[in-house]
Amino acid sequence: MACIESLKYDIILQGASFVECREYVKAHCSEFVTVNPGFKIFEKAIIGVPPILIGFDGDTITFPFTKPCYGTYLLRTENPDEAARIRSIKK
Amino acid sequence: MIAGVVTIAKMKDKKDALLLLGCPQVPVQTGIALYLMHGLRKHGVVPVVAGNPAARMLIEVSDPLHHYVGEMIDLDTCIADLAEKRRVFSYYIVFVHNDAGVSYAATVQAITGKTVVALVYGEHFQEVAGTINFPCEKVTAKAVHNPMPMKKKIDEVLPWLVSNL
């Protein structure tokens with residue numbers, strides 16, 4: 001499993017609030033799951049203000065990623081294994 | 001007297017506080033963190049610091065003999081350990097001066113279920129404090145270069161914090 005910063009990803013939102021991230025995922029992703037802070041995605045505990053939404057479009061995952069100095073990004077990356085893992089946990 | 005038994009008993013009584021530092025771009029953070037650690041030590045609380053490498057290095061360079069700071073841990077490792085319940089602390093204090101700080105405070109509150117103390121400072125402290133809408137004790141001051149406003153707030157709240165949380 002790759003760490004997030006070594007993935008090939010698109011930045012959807014930069015310097016976003018968690019409300020903005022939630023609204024984007026609800027509006028633009030064909031399905032989504034709600035997770036709590038600390039939920040692991042790409043082996044990293046997710047940071048954020050709950051409820052945190054992770055979106056899916058097939059094997060593409062859209063999720064928030066927070067860095068202390070740079071704020072919150074909404075990232076999108078294609079990863080069939082991680083998408084399947086998260087879907088199976090959140091069924 | 002069985003020395004080992006006494007030691008374990010004392011260890012159980014010992015209180016510790018997690019100080020989760022933000023990005024060190026606001027000058028007062030390191031000074032305030034060290035002052036808070038000094039205050040916690042006076043109350044018998046061992047401070048443990050989590051932060052990114054730059055934030056930790058500023059503490060390390062400022063307190064090389066660890067007069068004030070106790071253990072220092074990587075931010076990601078800290079969050080993972082809290083989430084997996086591998087570590088618990090008596091107190092949780094998060095340094096907040098931007099959205100990311102709010103996110104970390106929310107995360108610590110959600111995964112521990114404990115009351116988090118958010119020290120909110122910086123140029124836009126009121127705006128940032130206004131975005132905190134989860135259960136949290138906010139300690140706010142417009143402290144950017146001059147640490148005194150936040151120092152005064154810490155002097156006011158620390159005795160309450162260590163005896164009530």
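On this tour, two residues are in contact, or touch, when heavy atoms of theirs lie within 4.5 Å. One thing to keep in mind as you click around: this is a predicted model.

**Stop 1: a leucine in a helix**

Select B:L82, which sits in helix α4 of chain B. Skipping residues up to four places away in sequence, B:L82 touches B:L18, B:R87, B:F89, B:Y92, B:V108, B:I111 and B:T112. Is B:L82 buried or exposed? Buried: its relative accessibility is 2%, and the cut-off for that word is under 20%. For a sense of distance, draw a line from B:L82 to B:K138: the two are 56 residues apart along the chain, and their C-alpha atoms are separated by 21 Å.

**Stop 2**

Show the side chains where they meet: α4(B) brings B:L75, B:I79, B:L82 and B:A83, while α5(B) brings B:Y104, B:T107, B:V108, B:I111 and B:T112. Sorted by class, this contact has seven nonpolar residues, two polar ones and no charged ones.

**Stop 2: the largest nonpolar core**

Now select A:I54, A:F63, B:L18 and B:L20. Among the 50 residues of the largest nonpolar core, these four touch the most other members.

Zoom in on B:L18. Leaving out residues up to four places away in sequence, B:L18 touches B:V48, B:A50, B:I73, B:C78, B:L82, B:F89, B:Y91, B:Y92 and B:I93. There is also a second, separate core of 31 residues, and B:L21, B:V26, B:V49 and B:A55 are included in it.

**Stop 3: where the chains meet**

Colour by chain for this one. How many residues of chain A are in contact with chain B? The count is 17, and they meet 20 residues of chain B. Between them the two chains bury about 1300 Å², 68% of it on carbon and sulfur atoms. Pick out A:I47, A:P68 and A:C69: these lose the most area on the chain A side, together 39% of what that side buries.

Next, select A:I46, in the loop between β4 and β5 of chain A. A:I46 counts as buried, at 3% relative accessibility. With residues up to four places away in sequence set aside, A:I46 touches A:V35, A:N36, A:P37, A:G38, A:F39, A:I41, A:I52, A:I54, A:P64 and, over in chain B, B:T107.

**Stop 4: some backbone details**

Stay in that part of chain A and show the backbone. A:P50 and A:P51 are joined by a cis peptide bond, with omega about 0 degrees. A:P51 lies in the loop between β4 (44-45) and β5 (52-57) of chain A.

Then go to A:F42, in the loop between β3 (40-41) and β4 of chain A. Its phi is near 50 degrees, a positive value in a residue other than glycine. A:F42 is buried, at 2% relative accessibility.

Over in chain B, B:K85 has a positive phi too, about 60 degrees, and is not a glycine either. Look for B:K85 in the loop between α4 and β4 (91-96) of chain B. At 54% relative accessibility, B:K85 counts as exposed.

**Stop 5: two last residues**

Select B:V139, in strand β6 (residues 137-140) of chain B. B:V139 is buried, with a relative accessible area of 7%. Beyond residues up to four places away in sequence, B:V139 touches B:V117, B:A118, B:L119, B:V120, B:M150, B:K153 and B:V157.

Finish at A:Y24, in helix α1 (residues 18-28) of chain A. A:Y24 counts as buried, at 19% relative accessibility. Apart from neighbours within four places in sequence, A:Y24 is in contact with A:I12, A:L13, A:C29, A:L74 and A:R76.

Key: Residues numbered from 1 in each chain as written. Chains lettered and ligands numbered in written order. Predicted model: local features only at pLDDT ≥ 70, side-chain atom pairs only at ≥ 80, totals over all residues. Heavy atoms only, no water. Core = buried A, V, L, I, M, F, W, Y, C linked by side-chain atoms within 4.5 Å. Buried < 20%, exposed > 50% of the residue type's maximum accessible area, 1.4 Å probe, protein only. Helix = DSSP H or I, 4+ residues; strand = E, 2+ residues; numbered from the N terminus. Nonpolar A, V, L, I, M, F, W, Y, C, P; charged D, E, K, R; others polar. Buried area = accessible area lost by both parts, 1.4 Å probe.
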